[in-house]
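Subject: Handover of a structure and notes on its analysis

Dear colleague,

Please find below the structure that I am handing over to you. My notes on it come after the entry.

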Amino acid sequence: MNIEKILKSYLPMTETAFYILLSLSEPRHGYGIVKHVDELTNSRISLGSGTVYGTLTKMQRDGIITVYADERRKTIYEITPVGKALILAEIERIKELSQNAQINEVKFRD
Amino acid sequence: MIKVFRPLWSLDVKKTEGWLSQMAAKGMHLKTINHRTRYFVFTEGSPKDVTYCIGYDRHPSLPRALQDNGWSQVHGQGKWYVWANDLPKDEIKTFPLRGGLIKRNNWLIALCSGLLIYLVTMLLMFSIIWGWVVFSQVPVTVEGSPLWILTPILYAGAFGFWGIVIYSFFTLLTANKKLGEVPDSNKTHKGKLVFKSKFLWWYAPDRLETWLEGLDAQGFKLEKVGRISFGFANGSPRKVKYVVDYQSSVDQGYYDIHKENGWTLHHSSKYFPGYWSIWSQEFQGQVAPELYSQGSDALDHARRLLLMNSLLLIPVAFFLLTMPSRISSQLARGVSLVNVSNVILIVLILEFGTFFAMSLGYYLRTKKRFNHTSNGPA
């Protein structure tokens, strides 16, 4: 899949998409993704399994993630090389935002 | 190098995989497949126990976890790929999934169904005409074939084509059952059940959810679901959230993720235009669990359903447009307007019109609910 098209279509990422892809730093079950996002955001973001499934299906269709089954024949999601390029590009964008936010924060505080 | 011709290999993929394993056991290992000529090319080597997986995906990608467990790509062309694993079967702990292939097979089954409906209609029409010709003893003139050899060639071609369509249709159905991933949700229930009916429930899924939740609060626990009938067991009142979910296509992952998140599956079946599943989850406290944390997902589904059901308006419009000319021609021929074909047309117009109206109602109710919750308290 054309990486340029993917970047254009996904960036900037929604919080849901970002956290779902971020949790695929290792292959996970769908339930594992929900639990991991819950932990990462301190329960600020509690994703419904339907929302996660919808996003995962779209990502799989675009070649950002791939699937396989484990011994118990349960579905596991894994990030592809294209998906890795996407999340790294988004992390760079967020780093730039974060750095500028931190530098300028003090100007807004009384 | 050995070449084997296998033209219909893609209909029952599991069978072809079994065949490839047998070849590998004889020392013949798959090198490549020529998709145009339908030839499989093998290289000769030592006999080995190899597990094959033939797949079809938009973006074929061999997962790292599979590579680490002995899987490698033997062949890949376009959306088709063949992955192989020569580890002993008890050491293979990870497996490819068949979603892409099942979707492709479903599309082909739909295509074959359409063609077969056409064939059956044509055969019926011709047999009616022939029957009438034979029994009414009307003088018939037979026109000779322009070139004598054309007739047998065309007959052979027609038999060949339709033979392949019929064979493909049944082979694909069995193949998909073998690959199948839809779990069985209607477990047999021991004990008496109370039955209630709900017609066309998938056209008003939000109303079904409210109905089921109300019944559970009265102690009626949903045990069995059919096209019209719902079977309930008597139990204690519970607080349960029901979700009637629509998906254009489903795979193993769909059922896994909801089950792992505590949802119970009551029913999953195909009702135009896609798959409908009924899920439930018991809860304590005030806040009910939701399948979708973003209301926009439900709204997207409602919109998609409305679009698909508005396709039904095309035949309705066609029938309505041809109505005036039909009626005037029937009046001119002195035929009574109350006849079978007119009644059938009116029934079809009312039926399709009702489906569309119900879809529209569901979309508007969902939109109202979504706007209400997203413009929440200030």
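This is a predicted model: local features need pLDDT of at least 70, side-chain atom pairs count only at pLDDT 80 or more; totals for chains, interfaces and linings use all residues.

Residues are numbered from 1 along each chain as its sequence is written, chains are lettered from A and ligands numbered from 1 in the order in which they are written, and side-chain values use heavy atoms, with hydrogens and water left out.

Chain A

The secondary structure of chain A consists of 5 helices and 3 strands (DSSP runs numbered from the N terminus: helices are H or I with at least four residues, strands E with at least two). Their order from the N terminus is α-α-β-α-α-β-β-α. The C-alpha trace of chain A spans about 55 × 35 × 20 Å along its principal axes. Of the 110 residues in chain A, 45% are buried (under 20% relative accessible area, with exposed over 50% and partly exposed in between; 1.4 Å probe, protein chains only). Chain A exposes about 6200 Å², of which carbon and sulfur atoms supply 52% (Shrake-Rupley method with a 1.4 Å probe; for residues, only the protein chains shown count as cover). Among contacts in chain A (heavy atoms within 4.5 Å) between residues at least 6 apart in sequence, 60% join residues at least 24 apart.

Helix H2 (residues 15-22) of chain A has 6 of its 8 residues buried: Thr16(A), Ala17(A), Phe18(A), Tyr19(A), Ile20(A) and Leu21(A). These residues pack against H3, H4, strand S2 (65-69), S3 and helix H5 (81-108) of chain A.

Helix H6 of chain B

Helix H6 (residues 252-260) of chain B is mostly covered, with 7 of its 9 residues buried; among them are Tyr254(B), Tyr255(B) and Ile257(B). The cover includes helix H3 (30-40), helix H4 (49-61) and strand S3 (75-79) of chain A, together with strands S11 (240-247), S12 (264-271) and S13 (274-282) of chain B.

Cysteines

The count of disulfides (pairs of cysteine sulfur atoms within 2.5 Å) over all chains is 0. Cys53(B) is buried at a relative accessible area of 3%, and Cys112(B) is buried at 8%.

Cavities and pockets were found on a 1 Å grid over the protein atoms alone: in a cavity a 1.4 Å probe fits but cannot get out, a pocket is an open set with protein on both sides within 12 Å along at least five of seven lines, and lining residues have an atom within 4 Å of a point. Grid points are joined across faces, edges and corners, and a volume is the space filled by probe spheres set on the points.

There is 1 cavity of 30 Å³ or more. The largest cavity has a volume of about 60 Å³, and H7 and H9 of chain B each give two or more residues to its lining. Residues lining the largest cavity include Trp202(B), Trp276(B) and Tyr362(B).

The second largest pocket holds about 620 Å³ of space. Of its 27 lining residues, Glu209(B), Lys241(B), Glu290(B), Ala298(B) and Arg369(B) are the closest to its centre. Helix H5 (205-217), S11, helix H7 (295-310) and helix H9 (340-374) of chain B each supply at least two lining residues of this pocket.

With kind regards
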